[in-house]
Amino acid sequence: MQMNWLWGYFIPIGMLLLTWGGLSPRKARRVTPLAALAVAVAILGYWAVGYAFHLGGAYALNPNEPELKGLDLIWSPLDKTAGPGWGVIGLAGFFLTGDEVTPTFFSLFLTYLPLVATAVFLAVLALADVRRWMMVAAGGLLGAIVVPLAACWAWGGGWLAKLGITLELGHGFVDFGGSAVILWVPAMMVMGLLLFQERRLPEESNSLPPAYFPLLANLGTLFLGLGWTGWALSAPFHTSGALLDLNRTAVNLFLGLAGAVLTSQLYAWLVTGELEPLLAARGAAAGWCALLAGAPFLPPWAALVVGLFAGLLAPLALYVANGVLRLKDSAAAAVLGLMGGAWGVLSVAIFADGRWGQGWNGADVAGGVRGLFVGSGGQLLAQLVGLVVLGLWGFAWGALLAQIARMAGPHEPKPAPVLEPADLDAEGVTLDAVAIEGVIPDEAAAEDVSPSDLPQE
């Protein structure tokens, strides 16, 4: 068995480093073990039930693979047998146990697990300012329910993928590499949670936050892009039966990267008068992410255009999130997911040239995936339906978590510790924390305390 899935494990590493690079040292120290715990819970959730929800009907996607016969059940409210065309949730493969389990079962698990971990890192690092239990709960929900069901609908033979068959909407919902499933869904979950929180950033928040670890952020972008490129070149399972040029896919991903770096740095130079290392990393990542949905289906010039717009949209979206909505997304992870997810999905319906994608989602359509320039509006409608449905799906779970947090009552920050002489510098100022009226304005100690919540001198 070839282990092509190994490439995918660079993706969550890249996401962790990219988002970690924008966190202060204190916040990064607090978040890192929580992110690891959330991913561990997500892995267990995906193993127990998420894998079955996602791939329980995988055999229908590739009936020529006898080792998948145990994954032959996807439930539909309209068809109680196998739900052809309107599958909602897979119901086979729980806990990866049983006589029908084959090495292919485990290969599929290892192929999609890094993408689940990436979604968890995106959400948890974006929630660096919320309570610890909410971060871990968000990770567990993403691994067990939220991402698996979204993946079932878009990649596992579910109803969004089959819109081209059931409603004759192009090739159905198209998301090659996860712009919607892995970025848009967890980002909307974060938005649902943050928007229903009462706390906001102070109004004077800067749209370009300081770069604490720019080298790590840029290294993370490199890992992210190389990991996703290698994963795409491994021809993941949900692309079975589709005619693709994987070399063009890789070229388009790099063109998206180049275009996004150019416009993001142009924005930084126009706004600040100099280049911004953190924005360079985030702009490059925006280019990668925006090309995930449509890299095989776009001509190279269109991939460059998508990257150029992605690099410009990333800082603008960051300004809206921080300066207008004043959301507590220190890592800018949700912004990356929202912009990359939405723009990536829509770019398929605009720029796809119809040369590749024949047989995608099993649609009996002449030619490949076609955007507005060479086709009708059916593909655009399919993309919009998928974007709205998956967005509401993620947003609802985030709002639910926020409501549970409200019902749990206000969080009491930890009291200031007793300071020893070794904690003070020569002028009596603390080296590790500043105590103000018994409250520590430190992300590591007071989870829900922001500078605007503290007394002003």
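Predicted model: local features only at pLDDT ≥ 70, side-chain atom pairs only at ≥ 80, totals over all residues.
Trainee: How many helices and strands does the chain have?

Mentor: Along the sequence, the pattern reads α-α-β-β-α-α-α-α-α-α-α-α-α-α. Counting up the secondary structure gives 12 helices and 2 strands.

Trainee: What share of the residues counts as buried?

Mentor: Buried here means under 20% relative accessible area. The chain has 457 residues, and the part of them that counts as buried is 57%.

Trainee: And what share of the contacts with a separation of 6 or more comes from residues 24 or more positions apart?

Mentor: Contact means heavy atoms within 4.5 Å. Among contacts in the chain with a separation of 6 or more, the share from residues 24 or more positions apart is 78%.

Trainee: Let's turn to the rings. How many aromatic pairs does the structure hold, and of what kind is the pair of F254 and W288?

Mentor: The structure holds 23 aromatic pairs. In the pair of F254 and W288, the ring centres are 5.3 Å apart and the planes stand at 70 degrees. Planes over 60 degrees apart count as edge-to-face, so F254 and W288 are edge-to-face.

Trainee: Which helices does that pair tie together?

Mentor: F254 lies within residues 246-272 and W288 within residues 277-291, so the pair ties together parts that are 34 residues apart in sequence. Those parts are helix 8 and helix 9.

Trainee: What kind of pair do W343 and F351 form?

Mentor: Both W343 and F351 are buried. Their rings are 6.4 Å centre to centre, with 90 degrees between the planes. That pair is edge-to-face.

Trainee: Which residues do ring pairs link into a cluster?

Mentor: Ring pairs join several residues here. The cluster is made of W86, W153, W159, W393 and W397.

Trainee: Back to helix 8: how far does it reach from its first C-alpha to its last?

Mentor: Helix 8 has 27 residues, and at 1.5 Å a residue the expected span is 39 Å. The reach of helix 8 is close to that, at 39 Å.

Trainee: What is found at the start of helix 8, and which residue just after it takes a positive phi?

Mentor: At the start of helix 8, a side-chain oxygen of D245 reaches to within 3.1 Å of the backbone nitrogen of N247. Just after helix 8, a positive phi of about 85 degrees is taken by G273.

Terms used:
Residues numbered from 1 in each chain as written. Heavy atoms only, no water. Phe/Tyr/Trp six-rings, centres within 6.5 Å; stacked < 30°, edge-to-face > 60°. Helix = DSSP H or I, 4+ residues; strand = E, 2+ residues; numbered from the N terminus. Buried < 20%, exposed > 50% of the residue type's maximum accessible area, 1.4 Å probe, protein only. Expected span 1.5 Å × (residues − 1). Polar contact = N/O pair within 3.5 Å; in protein donor to acceptor, adjacent residues only side chain to side chain.
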